[in-house]
Amino acid sequence: MKGDIYSGNACFLVNFEDDKEIKNNFISYLEDEGFRKTISTYNTGHSHWLFINVNSMVFGGGYWKPVKLTRTIIGENPDNAFTIEEFKHIWSILKKYQDYDKVQKIDVSMVSCGNSSFLIYADDLKDNEKDFWNYLRINKFEPIDKSPNYWGYILVNVDSMLFTTRPNIISSYMGNLPDTALDIKEFKVIWDIISKHKETFWNNL
């Protein structure tokens, strides 16, 4: 099967207008949100690209060529980078689950840590099996389990397009703690944004 549940990482490539004030305002926003500037080679100056990792909460500029090394969340090329507003929308959901004390212990160079998986929790996941499972399949996600394990959690990888209900291989974009899990509605909001860029990527294959 193509890819695996640990593929990609928690890094978004964000593109914005080539304007110094816009860039400075966005960097100020990131710093206010607790993001730190990476000390890695991705600091290479460029006027309107930033790599932003929501796991390590590190950001850095760079040309799009390092993207293969960075392994962004869906394997972006310049044609399907996220806008500032899209990133802010996604982050407004994810930040509710971020452990800021844990983030401070992550190496500030780690723009490529984490993975492209989202942990989702629902008390009634078993009852809603048909609806949510159908939603995932309609959106081209494939299960890696021979049979689902109904313990309330499901891991969905937006890079490899795989999902699993097996707790022994759970690892989300921010870790493997149950309190980092999104609810189904939150994941759908995030996927609605990501999928538009994923489609651009698919169409370029």
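Reader: In what order do the four strands of the open sheet stand, and what is the sense of the pairing?

Author: A strand here is a DSSP run of type E with at least two residues, a helix is a run of H or I with at least four residues, and both are numbered from the N terminus. Two strands pair if DSSP finds at least two bridges between them. In this predicted model, the four strands of the open sheet follow the order β5-β7-β8-β6, and their pairing is mixed. The edge strands are β5 and β6 (142-143), each of which pairs on one side only.

Reader: Before we go on, how are the residues numbered, and which pLDDT do local features need?

Author: Residues are numbered from 1 along each chain as its sequence is written, and side-chain values use heavy atoms, with hydrogens and water left out. Because this is a predicted model, local features need pLDDT of at least 70 and side-chain atom pairs count only at pLDDT 80 or more, whereas totals for chains, interfaces and linings use all residues.

Reader: How many bridges join β5 and β7, and in which sense do they pair?

Author: β5 and β7 (residues 153-157) pair over five bridges in the antiparallel sense. Among the facing residues, Ser 117 stands opposite Asn 157 in β7, and Ile 120 has Ile 154 of β7 as its bridge partner. On its way to β8 (residues 162-164), β7 is joined by three bridges, and these two strands also run antiparallel; here Asn 157 has Leu 162 in β8 as its bridge partner. β7 and β8 form a hairpin with four residues between them, and Met 161 in that turn has a positive phi of about 65 degrees.

Reader: Are the residues of β7 buried or exposed?

Author: A residue is buried under 20% relative accessible area, exposed over 50%, and partly exposed in between, with a 1.4 Å probe and protein chains only. In β7, five of its five residues are buried: Tyr 153, Leu 155 and Asn 157 lie on one side, and Ile 154 and Val 156 on the other.

Reader: Where is Glu 17 placed, and which residues does Glu 17 touch?

Author: Glu 17 is in the loop between β1 (11-15) and α1 (20-32), and counts as exposed because its relative accessible area is 56%. A contact means heavy atoms within 4.5 Å, and, not counting residues up to four places away in sequence, Glu 17 touches Ile 22 and His 48. The C-alpha atoms of Glu 17 and His 48 are separated by 6.1 Å, although the two residues are 31 residues apart along the chain.
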